[in-house]
Amino acid sequence: MYIWLSVALLFAALEAVAVAKNLQKLEYIAKPAVMVCLFLWLVSATGLQGNALWFGMGILFSLAGDVLLMLSLERLFLFGLIAFLLAHLSYITGFRDELGMINAWSLLLLVIIAINGGYLIRRIVGTMRTKGQNKLVIPVAVYGIVISFMLYAVMSTLYDPAWKASAALLVSLGAFLFYASDALLAWNKFVSPIKHGRVFNITLYHLGQIGLIAGVISQFR
């Protein structure tokens, strides 16, 4: 069963090399292959039963977003953004039970994410307006809010007694890395170029997706 995880990690490493060396043909194979392997791993481990179905949908929407952004980061950016928006909504639905838990820890977590997420969104959107990229302001802002909510939903597993500690740590770390990768991508694209930004972005993204799905499988298989 872990063969799919091993292959996903291999393709993730190849994708990082492809981006660093600008090997487009390798990227066209390696990037989508990571998500295909994660989907097959999830199917073989859970049969997509119960909440696992929503995570499977999240993987497929992520795969669609990967392909769109890989083909053209500029021309297909909005379509890729929509695909990933649907992926995050699928993940949020998979963690919907955790959203009903209201306590001191959940309020603290919500405040921390809201403050930091709000700062990033304002900074990115402000720069976009300065550069005249007004058409993308609302989609980017909405996406920022949704991915922040996804991070909150996933990290709520940390204080949910129904979740195994190891699984909660894996999904939380995965969601955080996913969030960080998108923040880096937006900053690199709209605010200021970051040295080796694409390599860092894709590495964080794939580690985030792998951690998220590994935690889900650990919890639901």
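Where is the place of L48? In this predicted model, in which local features need pLDDT of at least 70, side-chain atom pairs count only at pLDDT 80 or more, and totals for chains, interfaces and linings use all residues, L48 is found in the loop between α2 and α3, the helices being DSSP runs (H or I, at least four residues) numbered from the N terminus. Residues are numbered from 1 along each chain as its sequence is written, and side-chain values use heavy atoms, with hydrogens and water left out.

Most residues other than glycine have a negative phi. L48, however, has a positive phi near 55 degrees, and at 22% relative accessibility it counts as partly exposed, a class lying between buried (under 20% relative accessible area) and exposed (over 50%), with a 1.4 Å probe and protein chains only. For N22, in the loop between α1 and α2, phi is likewise positive and near 55 degrees, while a relative accessibility of 65% makes N22 exposed.

Helix α6, which covers residues 137-155, reaches 27 Å from its first C-alpha to its last, close to the 27 Å expected at 1.5 Å a residue, where the expected span is 1.5 Å times one less than the number of residues. Of the 19 residues of α6, 14 are buried, so this helix is largely enclosed by the rest of the structure.

Methods: Helix = DSSP H or I, 4+ residues; strand = E, 2+ residues; numbered from the N terminus.
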